[in-house]
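Here is a quick walk through a structure that may be new to you. Have a look at the sequence and the model first, then read on.

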Amino acid sequence: MTTGEAPEGVGAGAPGAGWRRADGPPAQDREQRRRGGGRRGGRGEIPMVDEAEFTSYYGRPVIKPPVWKTPDVPLYLFLGGAAGSSAVLGALAEGTRRPALARVAHLTAGGGALASVAFLIHDLGRPSRFLNMLRVLKTTSPLSVGSWILAPFSALTTATAGAHLLGWFPLLRRLTGVGAAVLGGPMTTYTAALLANTAVPSWHEVHRELPFVFAGSAMAAGGGITMALTPLDEAGPARKVAALGAVIEFGAMQRVEHGHGLVSEPYRTGRAGKLLKAARACTSAGAGLTLVAGRSRPAAVVSGALVTAGSVLTRFGIFDAGMASAKDPKYTVEPQRARARARDAAGSREAASTGTRP
Amino acid sequence: MTAISSASAAFTGEDPGNRLFGPVPDVTGDRGYADDHPARVGFFTDTSVCIGCKACEVACKEWNLLPMDDAKGTVDALGLTGASYDNTGMLGANSWRHVAFVEQSRAVDLPMPTVGLPGADGGQRPLEDPPVVHPGVPASATTAEQTDPQRTSSGDREIRWLMSSDVCKHCTHAACLDVCPTGSLFRTEFGTVVVQEDICNGCGYCVPACPYGVIDQRQDDGRVFKCTLCYDRLTDGLQPACASACPTESIQFGDLDALQARADERLAALQTKGVEGARLYGRDETDGVGGAGAFFLLLDEPEVYGLPPDPVVTTRDLPAMWRSVGAGAAMVVGLVASAFVGRRR
Ligand code: SF4
Ligand code: SF4
Ligand code: SF4
């Protein structure tokens, strides 16, 4: 065998010992990362050789991209969030004697929850087996925990909304409304764990921020819809919720889009980048208009629609960014390779300091 | 059998029994099987002797009656990838074994232009390596090394073929199993990870959860499928179909402990012989998935074969996620409540 005698300058210790994939097409060759690829959307395209190169198997993804469909899943995320924050708004409005706000918020919550369930079921490969979701409760599965939140939440919000529409059982309506509000908080954020608890690099790495993005986005949506549909003299809380939500959504998204090196890149490029740019524009315009002119009805309708649109676009953008990061092996391999190298380096430093050979 | 028992770990953020991460000495017992459960089994796939015959792929398809498909998962279509001899492309719902083919070349430095010719190295190296017999490694493996059919040199280039039969890793901490909301995926008494097809509702959560991209959805069916480690054959005392079909015993099936010991020996032997790049992948029980039930001896970096270099089970970070989810939910309730304070309009 010719092994052991690695050619000069390559060195058996070097990664790959000098081996390169033999077949030619550049797209299939050792991919070269561009300088600054982790920042500024890949501008400044000076190829960097060796050091930062990464290898893949014919450019194929390492992980399987989610089989979840768009628009089903992004809409399920959006509707669940809007319903969750509306349910909290509704219960508090009921408690503080704002009947018009309570009615609008409860109808939003009920409608959103039902539609959210419908989209979830539609996305299943075997919709007829939806109830298998409730076979077990597993805390390691956000989808399982989420189903156990979504099922009672949608039952309670539908009951509350129905009671509003029919004008029946005002006392029972208060109870179901409070029950829905208790579940409303988790409704807004569990879907963030649902996305983050995957091997999709751009979802998993942002697992600390994503629940706050979703919380803000849900408040913006719930607040936005209810402020647009509620008469001015009761819409004050909805306005505040919408504006606060928009600010949180905007701020947390900044961390997601810029705080995680290479895996933040898909949030700034391609279709996801465009969607999120539009989302930022809608969210900030809507929040600004709310603060400036929220007390005029037409402005309330426009700004409510804007923050809601921002929330929808954010969900679609996040979904798209995750899909893009799953489909390109770069986002899976490079961070893991860097992590492994750092660990090896730390290991051999330690070995050197204790006098043992690695 | 489901992971209900992991509630405490996920909620407290502490993980004393390594339920979410880290080595687990008895993964089967940990999941509630009685003390007399069978030993954990697995695969040691020694890619240094793989000849790329794809007998494993065929045997698996035959035994499990898997539909034919092309590299894109299109059922009943013959597709060529055009990339190499690999027309399976990847593991998927209908391909539970996948043989990767990587043709590599490298420059040989001109001061030694005659690498590979007799006598070029001043007689220091015998033309043929002496036969080395390792315990537990079949003679065919040693033969393969002597002749080294996977490598040749021409002019100033050296060429080699890397071939590796990939399969589900049957992880100690299996993300697919952790995230399955129906309990369709479960840990068998052999320590393997299997889908129960009559329960899977096709939610697809396991698909992006697997850090190796193994499990996938069958489009026309909606459910997910992957290697069962031939659960049906194991319960009848048979070897998995792929391992029995492998002519070079590149795929070795057995008790995981024994396989690990054999792999360590094999790695040491290859390193003694100066085989560069030889490494074990998935063998280390302190790695991100707590060690794989199916592990590999590779000759280059894992990503060359399409494997992730440092996979981590996604549920390792679940306590942090749930904490963020809880904090976010509390924030929503608190802020909405605060919006009701103050002026009435
Ligand atoms: S390799 Fe993937 S599919 Fe196989 S057990 Fe591990 S996580 Fe599950
Ligand atoms: S697709 Fe089936 S096996 Fe996979 S997580 Fe969903 S129910 Fe479980
Ligand atoms: S163990 Fe059985 S199911 Fe798994 S790859 Fe081998 S033959 Fe296929």
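## Ground rules

This is a predicted model, in which local features need pLDDT of at least 70, side-chain atom pairs count only at pLDDT 80 or more, and totals for chains, interfaces and linings use all residues. Residues are numbered from 1 along each chain as its sequence is written, chains are lettered from A and ligands numbered from 1 in the order in which they are written, and side-chain values use heavy atoms, with hydrogens and water left out.

Let's start with the backbone. Most residues other than glycine have a negative phi, and most peptide bonds are trans. The bond between A:T70 and A:P71 is cis, with an omega of about 10°. A:P71 sits in the loop between β1 (20-21) and α1 (72-95) of chain A. Helices (H or I, at least four residues) and strands (E, at least two) are DSSP runs, numbered from the N terminus.

Over in chain B, B:K54 isn't a glycine, yet its phi is positive, about 65°. You'll find B:K54 in the loop between β1 (41-46) and α3 (55-64) of chain B. Is B:K54 buried or exposed? B:K54 counts as buried, at 18% relative accessibility; buried means under 20% relative accessible area, exposed over 50%, and partly exposed in between (1.4 Å probe, protein chains only). B:E249, also not a glycine, has a positive phi of about 55°, and its place is the loop between α8 (241-245) and β9 (251-255) of chain B. With 39% relative accessible area, B:E249 is partly exposed.

## A greasy patch on chain A

Which residues form a nonpolar patch on the surface? They are A:L165, A:L166, A:W168, A:F169, A:L172 and A:L175, and together they have about 690 Å² of accessible area. The elements giving two or more residues to this patch are α3 (142-166) and α4 (170-196) of chain A. A:L166, for one, belongs to helix α3 of chain A.

A word on the terms: patches are made of residues with over 30% relative accessible area and no salt bridge, where like charges are joined within 9 Å and nonpolar side chains (Val, Leu, Ile, Met, Phe, Trp, Tyr) within 5 Å. A salt bridge is a side-chain nitrogen of Lys or Arg within 4 Å of a carboxyl oxygen of Asp or Glu. The areas come from the Shrake-Rupley method with a 1.4 Å probe, and for residues only the protein chains shown count as cover.

## Where chain A touches chain B

Now look at A:H204, in helix α5 (residues 201-204) of chain A. At 10% relative accessibility, A:H204 is buried. Its side chain makes a polar contact of 2.6 Å with the side chain of B:D317. (A polar contact is a pair of N or O atoms within 3.5 Å; within protein, one must be able to donate a hydrogen and the other to accept it, and residues adjacent in sequence count only if both atoms are side-chain atoms.) Not counting residues up to four places away in sequence, A:H204 touches A:A196, A:T198, B:T314, B:D317 and B:M321, where contact means heavy atoms within 4.5 Å.

An unreviewed UniProt entry lists B:C60, B:C227, B:C230 and B:C242 under "binding site". They are spread over 183 residues of sequence, but the largest C-alpha distance is 10.5 Å. B:C60 is in helix α3 of chain B and buried, at 8% relative accessibility. UniProt positions are given in the numbering used here, feature names are shortened, and annotations may be inferred rather than shown by experiment.

UniProt (unreviewed entry) also lists B:C168, B:C171, B:C176 and B:C210 for "binding site". These span 43 residues, yet no two of their C-alpha atoms are more than 10.8 Å apart, so they gather at one spot. B:C168 is buried, with a relative accessible area of 6%, and among its contacts are B:W96 and B:C227. B:C176 is in helix α5 of chain B and is buried too, at 7%.

Which residues of chain B does the "transmembrane region" annotation cover? According to the unreviewed UniProt entry, residues 320-341. Over residues 320-341 the chain is 91% helix and 0% strand, with the end C-alpha atoms 32 Å apart.
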